[in-house]
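Biologist: I have a new structure open and could use a quick tour. Can we start with the inside?

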Amino acid sequence: MSVAPAAPAPVTPPAPGELVMDLILSLDGCAAGEGWPGWWGLQSQEYLDFLAAQPECVTLLGATTYRLMSAMAAQAEELDVSEDEKESFAQMGRAPKVVFSSTLSEPLDWRNTTLVSTDAAEAVRGMKAEATMPLVLSGSLSLGHSLMKAGLVDRFRVVLFPVITGRTGLERIWEQFEDFSLEMLAARTFEGGLQLLEYAPTHLERPPGTAWDRGAADGS
């Protein structure tokens with residue numbers, strides 16, 4: 001008699017020192033889409049309330065994401081975006097941020113931002129040991145990938161929006177990753193069909209199965 005797998009636990013706030021890598025994606029793994037509004041126009045009040053209830057955190061950024069987001073934050077009031085998006089930029093401006101870069105230099109324009117030019121994994125390991133708040137990495141895929149490989153990401157959190165942006169999709173996320181196994185930690189469904197999935201990632205040096213000869217399989 002087979003035993004049904006246990007249901008995933010409810011999502012709980014991250015603890016001080018935990019590192020969360022946060023991705024917001026379409027179902028086909030795109031972080032944005034040409035012509036689509038922010039959050040693909042599907043952010044529900046339940047989801048926005050969830051974001052507002054998250055504990056204060058330190059935001060980790062790579063140089064490219066920092067340049068993009070700091071420029072958008074500076075122009076937020078003039079941009080044609082929703083009031084919710086404007087408020088999210090305002091909140092990020094107030095929050096402590098750390099940017100990892102060997103190309104940026106101080107002083108940085110975006111307030112409450114600290115520059116780290118040393119090895120990111122070593123610096124984050126020290127931050128996790130001394131942190132009084134959770135650490136959250138949003139975007140910055142190269143940085144996030146390196147921290148996942150180093151075993152420093154405690155929660156790999158993906159929020160899937162119920163859209164497929166096949167022809168218009170931008171920033172196709174999964175093509176930029178190596179192989180990882182994922183242990184499910186928690187899950188939640190928000191009104192409107194948004195799915196939050198939370199995993200503990202483990203880097204794989206190779207796939208767990210044996211090599212498959214595709215030529216032999218198709219008879220060529």
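Biologist: How many residues does the largest nonpolar core have, and which have the most contacts inside it?
Modeller: This is a predicted model. Its largest nonpolar core has 30 residues. Leu19, Met21, Leu60, Phe100, Leu147, Phe156 and Phe177 have the most contacts inside that core.

Biologist: Which elements each supply at least two residues of this core?
Modeller: Strands β1, β3, β4, β6, β7 and β10 do, along with helices α4 and α5.

Biologist: Take Phe100. What does Phe100 touch?
Modeller: Leaving aside residues up to four places away in sequence, its contacts include Leu60, Val116, Met127 and Leu143.

Biologist: What does the second core include?
Modeller: That separate core has 13 residues, among them Trp40, Tyr47, Phe50 and Leu194.

Biologist: Now the sheet. What is the strand order?
Modeller: The order is β5-β4-β3-β6-β1-β7-β10-β9. The sheet is open, with eight strands and mixed pairing.

Biologist: In which sense do β7 and β10 pair?
Modeller: Antiparallel, over five bridges. Phe156 has Tyr199 in β10 as its bridge partner.

Biologist: And the helices? Where does α1 pack?
Modeller: Helix α1, residues 45-52, packs on the sheet and touches β1, β7, β9 and β10. Its direction makes about 120 degrees with that of β9.

Biologist: What about α5, which strands does that helix lie across?
Modeller: Helix α5 lies across β1, β3, β4, β6, β7, β9 and β10. It runs at about 130 degrees to β1.

Note on methods: Residues are numbered from 1 along each chain as its sequence is written. This is a predicted model: local features need pLDDT of at least 70, side-chain atom pairs count only at pLDDT 80 or more; totals for chains, interfaces and linings use all residues. Side-chain values use heavy atoms; hydrogens and water are left out. Two strands pair if DSSP finds at least two bridges between them. Helices (H or I, at least four residues) and strands (E, at least two) are DSSP runs, numbered from the N terminus. Contact means heavy atoms within 4.5 Å. Axes are lines fitted to C-alpha atoms, for helices over the stretch in contact, and angles run from 0 to 180 degrees between N-to-C directions. A nonpolar core is a set of buried Ala, Val, Leu, Ile, Met, Phe, Trp, Tyr and Cys residues joined through side-chain atoms within 4.5 Å. Buried means under 20% relative accessible area, exposed over 50%, partly exposed in between (1.4 Å probe, protein chains only).
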